[in-house]
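This report walks through one structure for a reader who has not seen it before. Please keep the sequence and the 3D view open while reading.

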Amino acid sequence: MRLLIMGAPGAGKGTQAALIKEYFAIPHISTGDMFREAISKQTQIGKEAKKYIDKGDLVPDSVTIELVRERLLNEDCKNGFLLDGFPRTIAQAQALDGMLNRLEIKLDAVLNVDIDDEILIDRIVGRRTCSVCKESYHMTNKKPKVMGVCDVCGGKLIQRVDDTEETIKNRLHVYHQLTEPVLEYYFKQGLVKNVSGHGNIEEIFAKVTILLGGNE
Ligand code: AP5
């Protein structure tokens with residue numbers, strides 16, 4: 001299964017991707033996570049990416065495309081993958097086409113998590129992430145058992161630096177300007193499967209598995 005998951009910031013891509021990864025036994029490749037790891041390790045890419053991410057802007061295509069190109073060559077992508085947060089521009093989508101052509105593979109589907117902008121701000125502002133294992137929580141929708149502490153590994157929960165209300169507004173603007181056209185690009189290829197991002201996480205996942213041809 002070779003999939004893309006798309007949707008506005010906070011739509012629930014990462015949340016659904018974690019479930020899809022387990023269900024279909026494919027690697028979850030999130031460019032946002034890759035950049036955050038590079039930032040925490042203070043690599044050259046991380047230092048470059050931080051300048052853009054902190055403001056809610058996109059990291060330049062040249063940097064992002066190279067990161068994904070290398071990642072898709074990994075052994076664990078041989079039997080499929082789930083790309084989350086890439087492509088986000090038409091140039092990235094065209095570059096991905098080139099990579100897939102060279103590997104002689106095709107995408108099976110582009111899953112679009114569709115949700116109204118008003119709900120997104122609450123979801124993003126309330127998000128907390130484990131500083132150790134990266135498990136995601138929400139202050140009201142998906143609370144940890146003990147506030148501030150990860151249920152899975154006991155790590156400290158933190159808020160992402162780009163999860164402020166001001167930055168979110170710019171991320172949404174960037175999404176509508178640059179990433180919605182990518183959805184149209186795949187829509188014309190007949191690859192898009194829409195799922196509503198409203199409702200609880202399990203209900204949405206049940207719809208996702210049906211859309212992707214699973215058994216639930
Ligand atoms: P990235 O990490 O990709 O962030 P994003 O697209 O803004 O998406 P989010 O991670 O904020 O949201 P999500 O949809 O995954 O929602 P989640 O499941 O966490 O990118 C960050 C930055 O990196 C970009 O701004 C850019 O600078 C850079 N970047 C990344 N890729 C790039 C690229 N290709 N090119 C250039 N730059 C790039 O859910 C959100 C919250 O809601 C959570 O708290 C969750 O618990 C909760 N929640 C989820 N589902 C539900 C539900 N059904 N009901 C109630 N609550 C829910």
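This is a predicted model: local features need pLDDT of at least 70, side-chain atom pairs count only at pLDDT 80 or more; totals for chains, interfaces and linings use all residues.

An α-helix has 3.6 residues a turn, so residues three or four places apart point the same way.

## Helix 1

Helix 1 has twelve residues, which at 1.5 Å a residue should span 16 Å, and this agrees with the separation of its end C-alpha atoms, which are 16 Å apart.

The buried residues of helix 1 are Lys13, Gln16, Ala17, Ile20 and Phe24. Seen down the axis of helix 1, they fall within an arc of 105°, so these residues, too, line one face of their helix.

## Contacts with the ligand

The ligand is surrounded by 35 residues, of which the closest are Thr15, Asp57, Arg88, Arg127 and Arg171. Sorted by class, this shell holds eleven nonpolar, 15 polar and nine charged residues.

Several individual atom pairs can be picked out. A polar backbone atom of lysine 13, a residue already listed among the buried residues of helix 1, is 2.9 Å from an oxygen atom of the ligand. For glycine 14, a backbone N or O atom lies 2.8 Å from an oxygen atom of the ligand. In arginine 123, by contrast, a polar side-chain atom is involved, and it lies 3.3 Å from a nitrogen atom of the ligand. Taken alone, the ligand exposes 1,000 Å², and the protein buries 96% of that area.

## Elements around the ligand

Which elements give two or more residues to the shell around the ligand? They are helix 1 (13-24), helix 2 (31-40), strand 6 (136-138) and helix 8 (201-211). Helix 2 gives the most to this shell, with four residues.

## Leucine 111 in strand 4

Leucine 111 is found in strand 4, which covers residues 109-114. Is leucine 111 buried or exposed? Its relative accessible area is 2%, and because a residue under 20% counts as buried, leucine 111 is buried. Leucine 73 is 38 residues from leucine 111 along the chain, and the C-alpha atoms of these two leucines are separated by 22 Å.

Terms used:
Residues are numbered from 1 along each chain as its sequence is written. Side-chain values use heavy atoms; hydrogens and water are left out. A residue is near a molecule or strand if one of its heavy atoms lies within 4 Å of it. A polar contact is a pair of N or O atoms within 3.5 Å; within protein, one must be able to donate a hydrogen and the other to accept it, and residues adjacent in sequence count only if both atoms are side-chain atoms. Accessible areas come from the Shrake-Rupley method with a 1.4 Å probe; for residues, only the protein chains shown count as cover. Ala, Val, Leu, Ile, Met, Phe, Trp, Tyr, Cys and Pro count as nonpolar, Asp, Glu, Lys and Arg as charged, and the others, Gly among them, as polar. The expected span of a helix is 1.5 Å times one less than its number of residues. Buried means under 20% relative accessible area, exposed over 50%, partly exposed in between (1.4 Å probe, protein chains only). The arc is that of the directions from the helix axis to the C-beta atoms.
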